[in-house]
Amino acid sequence: MPDKALIVVTHLLGVGHLVRSIAIGRALCHAGWRVTIASGGRPAGHADFGACSLLQIPPVYCRGTDFRTLLKPDGSVTDAEWMDSRRAALLETFDKEDPSVVITELYPFGRRQLAAEFDQLLTHARAAKRRPAILCSIRDVLHPPSDERRVGWTLARLGRFYDAVLFHGDPAVAPLGASWPVTPALERRLRTTGYVRDDEKSRETPIPPDSHTDVLVSAGGSDVGLNLCRTAVEAARLRPGEAWRVLVGQTVGTSDFAAMRDAAGPTTVVERTRPDFPALLASATVSVSQAGYNTMLDLAAARARAIVVPFAAGGEREQTIRAQCVADRALARVIEESELTPERLAHEVDEISRTPQPDWSVIALDGAARSASLIAEEAALAATRVEAWARLRETLKRMTRAGREVDIWLRDDDIVAPSDASERFLSMLQRLGVPVALAVIPARMEPALASFLARRPGIDVLTHGWSHTNHAPPGDKKSEFPATRPLSEMLDEAMRGLERIRGAFGAQALPVFVPPWNRLAPDLARHISAAGYRGLSTFNAQRAPLESEGALRRDTHVDLIAWPRGGLRDEAELLNRLDDLIGRDSAQPLGLLTHHLVHDGWINRFFEEMLGTLAEFGAVRFLSARHAFDLGG
């Protein structure tokens, strides 16, 4: 049975978002997939869906740059009933198709006014028994965020729902960072596809012989390019010896279209957009257009001499950024909307028509096939995650039925001060009823941390070295307490650390030593009790009993983070490792290791689901560090 994909897209002005989604869908179909494209914008008459199935949900659109006001096809403002019908159609289609991949076009980087329907679909998808890969699909340049809250909102949605972000661009041409802040967490989830252009465009029917054009003017499928079309009609009059063709969007009103036709000179043709546009473009001497994603790729395919007038009304900056990126590579000339006049346009046409064709080869146009390949990879990873979750649950069920128990304790490293991240982390643990041992760095600890933690039950405090400073020789792995340091010096720092932790946290403090980077000299491990410690904790791959002189050893065995790059380790790998360790008979409690201060949304999502799954079964007993180290209480 073929893999299935559900692509959800709503185009509000032009059809660029839909065209890109169709190109990806057709590439998936070519690779043997079954694809449903759920389109929430107005029907696009010229769109060729190929082998993709179209689900047209109740459409919405925007007028001009008012993206907050969603309109029905009759021009009235949408109501709750209309929006509810959209959400119902998406959920019904998901259940019917049971896709292995769900792709949302632009959301959550845009389309926030549709957040309710996207979030409901994605919540439904993540709750499915066969959870699909969930991917976001974005173009090369986004509308830059107005403030940091929007960036945080987007990252929160990505971490909550998504597995990866398909970036349909090329950092060598227009890096995503030119329009959107790329955090390390986002960068780890980016999958660069290159530029997506429908391969079918290269097989369009040749243009009729009487369609010769010197200057081809296009402004996309919507009415936002109306001013460009009007200006071009006037500019053509200044160059009467040339054949100009002005292609007007399908949504431009009849009266505006007729007025331009009436104003056109004898060598100017004004007509609606045509399906053979790529062929027209390839034969034209000069192109005048906006700087939309698909238009730019058509320019690249045609190796066009291009003048671009980026759409910038309503504070839009996407096309301006893209236009500047191609202009920096001498691929096109740019006229800002505010500077567009018939005289300026005629002058630029005269200048560029005498130049050689630019080399657009830097823009590779095979992104649709690359997207299909990456989507298949993400679907395969999602399938392994589903299997790993099922395996872990089955092990826990078996152990519960057999009356077996596994003791698990949690250690979190590096906290030094109160923070919003700490508040969220500790609140989540409290909600799940999971105790935690916080390894605090004594020399960096802020006084406010003590009162912050004192208000929260189920927290033990451990001593995390002294200052978390690397003293390892160059070339060695990091360690605050390497074998090259004098033992007396290390014992002195360990002793001072314990004194400071006890002084700040009182009864919450345990005499347990946690060396930074989980490394310490064997000599220090053997003598750590001389500094007042009764317990020692590092990281160890095995659940085997370990002893140090006078101190009980309780290590951690599962680390969520893929060091040194950061981010979440492979989920299936983590789950399979956890399953293996849980199934072993051992007197050593199973230790989980976290570093919540560097967690991203993906780590938090996985960790909460993992703890919630473990807590479902009677086979798991969460221990406090106090009990794990046999310290009473």
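In what order do the six strands of the open sheet stand, and is their pairing parallel or antiparallel? In this predicted model, the order across the open sheet is 12-11-10-13-14-15, and the pairing is parallel. The edges are taken by strand 12, residues 268-272, and strand 15, residues 332-334, each of which has a single partner strand, so that one side of each is left without a neighbour in the sheet. When direction is ignored, neighbouring strands of this sheet are turned against each other by 20° on average.

Strand 11, which covers residues 244-248, runs parallel to strand 12 and is joined to it by five bridges. Within this pair, valine 246 is placed opposite valine 270 of strand 12. Helix 7, formed by residues 254-263, packs on the sheet and touches both strand 11 and strand 12, and its direction makes about 165° with that of strand 12. Strand 11 also pairs with strand 10, residues 215-218, in the parallel sense, here over four bridges, and in this pairing serine 218 stands opposite leucine 247 of strand 11.

A separate site is found around valine 173, which lies in the loop between strand 8, residues 164-168, and helix 5, residues 184-189. Valine 173 counts as buried because its relative accessibility is 2%, where the cut-off for a buried residue is under 20%. When neighbours within four places in sequence are left aside, the residues in contact with valine 173 are Tyr195, Cys325, Arg329, Val362 and Ile363. For one of these, arginine 329, the C-alpha atom is separated from that of valine 173 by 8.2 Å, although the two residues are 156 residues apart along the chain.

Helix packing is illustrated by helix 1, residues 16-30, and helix 12, residues 367-402, whose axes come within 8 Å and cross at roughly 65°. The crossing of helix 1 with helix 12 is right-handed. On the side of helix 1 the contact is made by Ala23, Ile24, Ala27 and Leu28, and on the side of helix 12 by Ala368, Ala369, Ser371, Ala372 and Ile375. Sorted by class, the residues of this contact comprise eight nonpolar residues and one polar residue, with no charged residues.

These local descriptions belong to a chain that has 19 helices and 25 strands. The C-alpha trace of the chain spans about 100 × 50 × 40 Å along its principal axes. Of the 633 residues in the chain, 56% are buried, and the accessible surface of the chain comes to about 26000 Å², with 51% of this area belonging to carbon and sulfur atoms.

Methods
Residues are numbered from 1 along each chain as its sequence is written. This is a predicted model: local features need pLDDT of at least 70, side-chain atom pairs count only at pLDDT 80 or more; totals for chains, interfaces and linings use all residues. Side-chain values use heavy atoms; hydrogens and water are left out. Two strands pair if DSSP finds at least two bridges between them. Helices (H or I, at least four residues) and strands (E, at least two) are DSSP runs, numbered from the N terminus. Axes are lines fitted to C-alpha atoms, for helices over the stretch in contact, and angles run from 0 to 180 degrees between N-to-C directions. Contact means heavy atoms within 4.5 Å. Buried means under 20% relative accessible area, exposed over 50%, partly exposed in between (1.4 Å probe, protein chains only). A crossing is left-handed if the near helix is turned anticlockwise from the far one by less than a right angle, and right-handed if clockwise. Ala, Val, Leu, Ile, Met, Phe, Trp, Tyr, Cys and Pro count as nonpolar, Asp, Glu, Lys and Arg as charged, and the others, Gly among them, as polar. Accessible areas come from the Shrake-Rupley method with a 1.4 Å probe; for residues, only the protein chains shown count as cover.
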